[in-house]
Amino acid sequence: MISIEGLTKIYRSETGDVVALKNVNLKVSAGEVFGIIGSSGAGKSTLIRCINLLEKPTKGQVKIEGKDITKLSNRELMKLRRSLGMIFQHFNLLMQKTVNENIAFPLQVANVPRKQINERVKELLELVGLIDKADYYPSQLSGGQKQRVAIARALANNPKVLLCDEATSALDPITSKSILALLKDINKRFGLTIVLITHQIEVIKEICDRVAVIEKGQIIETGNVVDVLMHPKTTSTKNLVSSGLIDKIPPDMVLWGRKQDYQRRLKVSFSGEAAMKPVISYMVMEYQVYANILFADINYLKDTMVGELVLELSGERNAVEQSIRFLREQDLVIEELG
Amino acid sequence: MTADVLIEYLEMLGQGTLETIYMTMASALFSYIFGLPLGVISVVSEPAGILPNPKLHNVLDKIINITRSIPFIILLIALLPLTRLIVGTTIGPTASIVPLTIAAIPFVARLVETALKEIDYGIIEAAQSMGATPWQIIRKVMIPETLPSLIMGASITTITLIGYSAMAGVCGGGGLGDLAIRYGYYRYEDDVMILTIILLVIIVQIIQSIGDYLSKRIDKKNK
């Protein structure tokens, strides 16, 4: 669907060049929710703006359905943009226009006949649940409602892709969730491809299928959300992802255990079906070991349940070793901490 | 003062008021016909504008600045040949419209520029992301979104033009300013002077109130 190849963006100024993006390569498949996460200044805003050429890349290609859009004429580009919806952190609604007029705007821009516009606007208002607010002005709406208007507006011309620029960053957590739920619903119902940028890991967990981590203008990690979050390869990703608790358990700390016992400390990660089974209880009963849970965390990544557990096993040496072997046989990822 | 004289004076003041309103309104209209597009072009041609053209922007900026720095009274005299060419005469309210318009064009352009720059750039970006053409952005986004400020600018322009129109009286331009200079200044008739001032104050008040009312009425942003 979208393929970014060797994308580089350099801002030239009198005080020197700033490299915002450096040789970025990305592929987004049709129908997926693709998240780009990074801290502020990492270049994610520039990156998403290169997808609809609000920013012109210095080098590299941006292909949409195989077509390099950096080569398009202005006229073609404007036409293409109608098939790429975009929503923003600060909503960017027309403040002097009603909700109705805001949603009608992209249709007017595309010269859709008036009668069709009215019908489409009604459909969209229903979709985002704002049918009773049609004649309100943006200043009379809450943040969440404004973003709903922006979503309706972005979807007006039936785009194939929706670009979300920090769409929930200005909203409170509960409103954020409802907006993400709406996006998820739209993605499922219409098979709309969504590319979003965020600095909030919750957003990635909530709706993304795949994620790319961006740092200093470079993509440092890409993959399925479950894989990247559970097995981050770089420290930066780890910092973004982890709650930080696991690292804080001092490795030489003895929490419980008799002197004569053999002890091992493990990090157990689980996802999907494995998370549903009472594996630990079974292990304790079967091998007669003591299991002390030092840390536990369960998350829902889109629709997958994933969890992390730090266990201290103690007991007979043999029993402990057997328990570890048993855990490895399950659909679990075991990492020995010592 | 006899009744005849009084009536004559009142007629004179009435006509002066009408002339002032005529000059002001006509020159305000003409200055917007030229100044509005000029202001728009200046904003969109900025390096970070929607149709960047730094060279054009610089040229316009210089022209606007130079014209604005010429004192009106001097412009008025300097433009006499042009006024004669266009209107056929250099006296009377119609003749005054020429220098008034020319003095107001750069003023209007600046006010339009300031108003248009108030718009949140994100809104323009959103319109661009929807595939709007620059012309659509100007017509359907920039102007409607800043209309309350543009209206305030128009009332400021009109009030400034009333002040300028009084100066046009120096060259026999007609209107209340002309009366104030001829009767109040040259002939030391203080009552005429005071009456013209009162009339001018009333006109200014009315225009300011209309501007404030309209601007507030149509503004949906700060409700």
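Visitor: Hi! Which domains is chain A divided into?

Guide: Chain A has domain 1 (2-227) and domain 2 (245-336), with bounds that come from an automatic or database domain assignment. This is a predicted model, where local features need pLDDT of at least 70, side-chain atom pairs count only at pLDDT 80 or more, and totals for chains, interfaces and linings use all residues. Residues are numbered from 1 along each chain as its sequence is written, chains are lettered from A and ligands numbered from 1 in the order in which they are written, and side-chain values use heavy atoms, with hydrogens and water left out.

Visitor: Thanks! What distance separates the centres of domain 1 and domain 2 of chain A?

Guide: Taken over C-alpha atoms, the centres of the two domains of chain A are 41 Å apart. Domain 1 of chain A gives 11 residues to the contact and domain 2 of chain A gives 8, where contact means heavy atoms within 4.5 Å.

Visitor: And how much area do they bury between them?

Guide: About 670 Å², with 54% of it on carbon and sulfur atoms. Buried area is the accessible area (1.4 Å probe) that two parts lose on being put together, summed over both. On the domain 1 side of chain A, A:Lys184, A:Lys205 and A:Val226 supply 64% of the buried area, more than any other three residues.

Visitor: How many salt bridges are there between those domains?

Guide: The count is 0 between domain 1 and domain 2 of chain A. A salt bridge here is a side-chain nitrogen of Lys or Arg within 4 Å of a carboxyl oxygen of Asp or Glu.

Visitor: New topic: how many residues of chain B are in contact with chain A?

Guide: There are 24 from chain B, and they meet 22 residues of chain A. The two chains bury about 2100 Å² between them, and carbon and sulfur atoms give 58% of that. In chain B, the residues that lose the most area to chain A are B:Ser129, B:Met130 and B:Lys220, together 30% of what that side buries.

Visitor: Which residue forms a salt bridge with B:Glu125?

Guide: That's A:Arg49, and the closest N and O atoms of the pair are 2.6 Å apart. The count between chain B and chain A is 1 salt bridge.

Visitor: Which helices of chain B supply at least two residues to the side that touches chain A?

Guide: Helix H6 (121-129) and helix H7 (134-168) of chain B each do. Helices are DSSP runs (H or I, at least four residues), numbered from the N terminus.
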